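Q: I'd like to go through this model with you, starting with the core and then a helix pair. Can you take me through it?

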Amino acid sequence: MAEQKRAVALISGGLDSMLAAKVVMEQGVHVEGVNFYTGFCVEGHTHAIRRAKRDREKRNNALWVAEQLGIKLHIVDVIEEYKDVLLNPKHGYGANVNPCLDCKIFMVKKAETWSFMEDNNFDFIVTGEVMGQRPMSQRKETMPIIARESGVEDRLLRPLCAKHLPPTLPEREGWVDREALYDFHGRNRKPQIALARRYGFTDWAQPAGGCCFLTNPDYAKKLRDLWEARGTRDYELDDIMLLKVGRHLRPASHYKLILGREEGENRYLEGYRNTFVSLKPTSHNGPFGVIDGNPSPDDIEFAARILGRYSQARNAPNLTLEVRLPDGTINPLTVRALSADEIAEDWHV
Ligand code: SF4
């Protein structure tokens, strides 16, 4: 009996990667999934925080996909390594701060490093790319770049659009039947949806715009603002998590106020009380706020007045708040809320 071949599939949590893995599994290949956690992934994170979305099922889509497929999933933390991909993309950015081509090269290369290690002993890598679906990384001209620059070459199989590409090693060696692979092309999702139905899948994640926050224009604006304010294009995990939460206002270059927009975000921000100066209204209902940067006492007072605008004290003579320093010192502060006219449009990051 021929030895069963082993493939590692990049699982983002979306439909395409789920189908790609399934197509190969249907051909008798042993498939395991790998998901790279960059910190920017669109997952249940914000749904879990925001109370407004609490009815929505909270799930890690990559894990959920693996469960649907009945395969093992390896989640690999690449937060530190990914910084270089995001900050210095050889192939540049897409419409926002998404370095999709470099990102794909990185992930395929990383999968190779991980999967061809002796212990794992995989024969090839599978991705859910569809030619012409994404403007940067999934074009006819860029797909060979991913195979080449990742070093994986023809051990990279894209089952959903394989028929548009030269035969890869798994096809030439007969590990998979090229005739049973697909020729999906372009942005039309109907073929994928039809295939999903054929496999009996009735549910799948549908991230708008892409698999990570870097394709989101609002998120990209906040990230650029962070880099500009700090004078360095660097970040820590807390920074990029906080960009997903709350209302961000920057009244001056040296500090930014982040206000919870609802109860779930307020609670989330409270977790940063030991990191930032924080503001908690006590006389009226209102958002919890944290101040990122180096605020002076005057800045803290001004930030409290901004917060007042978003509280129930907006029309009251005064608002009292608790100002907490990261060392635990707490002081009361009473201010007058700013009026709508006093909130400059360009403070909104
Ligand atoms: S959308 Fe994000 S995770 Fe997906 S390829 Fe682009 S940069 Fe990478």
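Q: Which residues touch the most other members of the largest nonpolar core?
A: This is a predicted model, in which local features need pLDDT of at least 70, side-chain atom pairs count only at pLDDT 80 or more, and totals for chains, interfaces and linings use all residues. Residues are numbered from 1 along each chain as its sequence is written. Of the 49 residues in that core, the ones touching the most other members are A7, A9, A21, V24, I125 and V126. A nonpolar core here is a set of buried Ala, Val, Leu, Ile, Met, Phe, Trp, Tyr and Cys residues joined through C-beta atoms within 7 Å, and buried means that 20 or more other C-beta atoms, placed from the backbone, lie within 10 Å of a residue's own.

Q: Which element gives the most to this core?
A: That is α5, with 8 residues.

Q: And what does V24 touch?
A: Leaving out residues up to four places away in sequence, V24 touches A7, V29, V31, V126, P159 and V176, where contact means C-beta atoms, placed from the backbone, within 7 Å.

Q: Switching to helices, at what angle do α1 and α3 pack?
A: Helix α1 (residues 15–25) and helix α3 (residues 61–69) pack at about 25°, with their axes 10 Å apart. That makes α1 roughly parallel to α3, a label for angles under 35 degrees.

Q: Which residues meet there?
A: From α1, S17, M18, A21, K22 and M25 meet V65, Q68 and L69 of α3.

Key: Axes fitted to C-alpha atoms, helices over the stretch in contact; angles between N-to-C directions. Helix = DSSP H or I, 4+ residues; strand = E, 2+ residues; numbered from the N terminus. Parallel < 35°, antiparallel > 145°, perpendicular 65-115°, else oblique. Contact = placed C-beta atoms within 7 Å. Buried ≥ 20, exposed ≤ 12 C-beta atoms within 10 Å, placed from the backbone.
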